[in-house]
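Let's take a friendly walk through a protein model. Keep the sequence and the 3D view side by side as you read.

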Amino acid sequence: MTRLLLIPPDTRPPTLAHPLQLARMTGATVEVPPAEALPHFFTPGNTATLRTWLLDNAAQADALIVCLETLCLGGMIPARRVSDRLDVALERLDVLREARALNPDLHIYAHGVVVRVAHDNDPHEEKEYYGEWGQGLRAYSVAADRHARHGETERDALTAARAGLPPHILADWVGTRERNRALHLHALDLLAAGVLTHLSVTLDDTSEYGLAALDRRMLEARADALGVWARFDCYPGADEVPCALLTRALRRGLPPARAWVRYSGTLGAGAGLIYEDRPAGELVRAHLRGAGCMLADSAGDADFVLAVNTPGLRQANLQPDFATVDTPHRHLPAFVDGLQADLEAGRAVTLADIAYPNGAERRLWTLMQPLSLAKLAGFSAWNTAGNTLGSAVAFGALAAQVSDKAAHTEAVFSRVVDDVLYQAYARAEVRGHLGSPSPYDLGEARADAEARLQELIAPRIQAVWDRHWGKSGLRLELGQAHLSWPRLFTGVFPLAVSHTGET
C-alpha cells in the first residue's frame, strides 16, 4: 500500500479533503500534519511544527506532496502577507534535503504559487493595504510587464502607474513578490540537484499581462538553463495542484495516462478564460502534463475521456450569459449526447465544466439529468478553469486504479454537492438572503448565513443522491454544512459514503 505525506496549501475542502478522497479511492494512505500546524485563512501555520512532523514521518513514506508556501511561509495566503525574510524561508526549505537524507527513496513532489495580482480589492487574502490600493497595484502590474516586453513605448504608462502609488506600498508589494520568486528559483535548484522528484510552480488568478507573467518568464529561463523541463511544470493553477501531484505519485512507474478530449463546441479549444493567460485548449494540455498525462490519438486509444464544457467564446461571471458563453459557437445538447454515448460504451468519463468560473453551468446540469451520473469517473466545476481541470484530470487518470467504490463515489459526489448545489445555486440564494454582505468578511452575519445554508442544501443533496446514486448499493450520511471561512466563497459539506451494511 502506497503511503503518502501531504502538506497542503491550507485546510479548505478542495485543498485538503479532496486530495485525501482521491487517494482513498485508490487504496493509498495519506498522512497530514496536525491541524494546529496548518494555516487557517490568513493565519499562518506553524513552520517549526511542520518541520518536526516531516522529519518524524519521512523515513516511513513513499512520497511527499508539499506546498512550498506552507512549508516555508506558513501557507498559500499567508505567503502574500507575512514579512518573513528570504533567508529564513530558505532555511525552512532546506528541510527537504534532510528528509531525502533520511529516506533516499522518498519521492518529493513540490509545488509553489506565483504571487497573484488579485482581481478584487481583498484586504484579507492580500496585504491589508490592497483594499485601498488594489486598483493601482493592478495598473502597475500590467504597465511593468508591458514595459518589460515592449520597451520604451510603454515607459509613460509605467511612470504614470508608479506615480499613482505611495512608494512604500509599492516597495513592500514588489518586495513580497521578489522574495517568493527567489524561493521558487531555489526550489528549481533543488530539482536540478535531484532532491525533488517533480516541481510545479503555478500562476494563481493570472492574465495575459502582469507581474505574474514576468515571474513566469524568469522561472522558465532558469528551467531552460538547468535543463529540468522533464520534471518541471509552470502553468495557470493553484488550489488543485495537490490533486495533480497526487496523481503523479500514485501513477509512478506507470505509462502516462492518455486522455481523449471532447469539447462542448467545435472551437472550444480556442475559448477565452477570465483567470488564465491562455485559451482553454492550451490550459487543458498544461493540466494534463501537470498530472503526468498526455493526449490520446483517438477515443479508442484513450485511458479516459476528458469532457470539457467550454464557453462559446469566453467565460463570463454571471449566468446565463448569451453574449460570450451560451452562444451558437457550441451546442450543449450534442455535448450531452456525446457524454451519454461514452458512458454507455463503458468509457471512463470525467467532466470538467469551465463555461463559467465559480460553479457549474446550470443549463448543462439540467440537460445532464437523464444521464446515469453514477457512472461518471469524475466531475469538477469549482472556482477557476484551472481548479476545475486539475480535479477532472486527476479523476480520469486515477480511474483505472479505483479499488473502493464507496470512496470513489464520495469523491465524485462531494464535487457535485459543492460545485453544483452550492456554488451554482445555493451560494447566490444565501447571498440574496443576507442582502449585500461584504465578500471579504461576513462578520456577525456568518451565523445567519450558515443557518440559511443548512436549510437550503440538505434536502437538495438528498434529492440528487436519491435520483442518481440511490440504487448504487451505497449509503450516504450527511453532516452539518457550514462555511470554511467567514465568507461565502467556500462551503464545507461533510458527507460519508459507505457500502450498505457497513457501520
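The report below looks at a sheet, one of its strands, and some aromatic rings.

This is a predicted model, in which local features need pLDDT of at least 70 and side-chain atom pairs count only at pLDDT 80 or more, while totals for chains, interfaces and linings use all residues. Residues are numbered from 1 along each chain as its sequence is written, and side-chain values use heavy atoms, leaving out hydrogens and water.

**The sheet**

Start with an open sheet of six strands in the order β2-β1-β3-β4-β5-β6, paired in parallel. Strands (E, at least two residues) and helices (H or I, at least four) are DSSP runs numbered from the N terminus, and two strands pair if DSSP finds at least two bridges between them. At the edges are β2 (29-31) and β6 (232-236), each pairing on one side only. On average, neighbouring strands of this sheet are turned by 20° against each other, direction ignored. Such angles run from 0 to 180 degrees between N-to-C directions, with axes fitted to C-alpha atoms, for helices over the stretch in contact. Contact itself means heavy atoms within 4.5 Å. Helix α8 (residues 167-192) lies across β4 (107-114), β5 (198-203) and β6, at about 155° to β5.

**Strand β1**

Now look at β1 (residues 3-7), which pairs with β3 (residues 63-67) over four parallel bridges; there, Ile7 has Val66 as its bridge partner. Three bridges join β1 to β2, also in parallel, and Leu4 is partnered by Val30 of β2. Five of the five residues of β1 are buried, so this strand is largely enclosed by the rest of the structure. Buried means under 20% relative accessible area, exposed over 50%, and partly exposed in between (1.4 Å probe, protein chains only). Arg3, Leu5 and Ile7 are on one side of β1, with Leu4 and Leu6 on the other.

**Aromatic rings**

How many aromatic pairs does a search of the whole structure find? There are eight. Rings of Phe, Tyr and Trp (its six-membered ring) pair if their centres lie within 6.5 Å; planes under 30 degrees apart count as stacked, over 60 as edge-to-face and the rest as tilted. Two of the pairs are listed here.

| Pair | Centres | Planes | Type |
|---|---|---|---|
| Phe41 and Phe42 | 4.9 Å apart | 45° | tilted |
| Trp465 and Trp469 | 6.2 Å apart | 15° | stacked |

Phe41 is buried, at 7% relative accessible area, whereas Phe42 is partly exposed, at 30%. Together with Trp485, Phe41 and Phe42 form one aromatic cluster. Trp465 and Trp469 are both buried.
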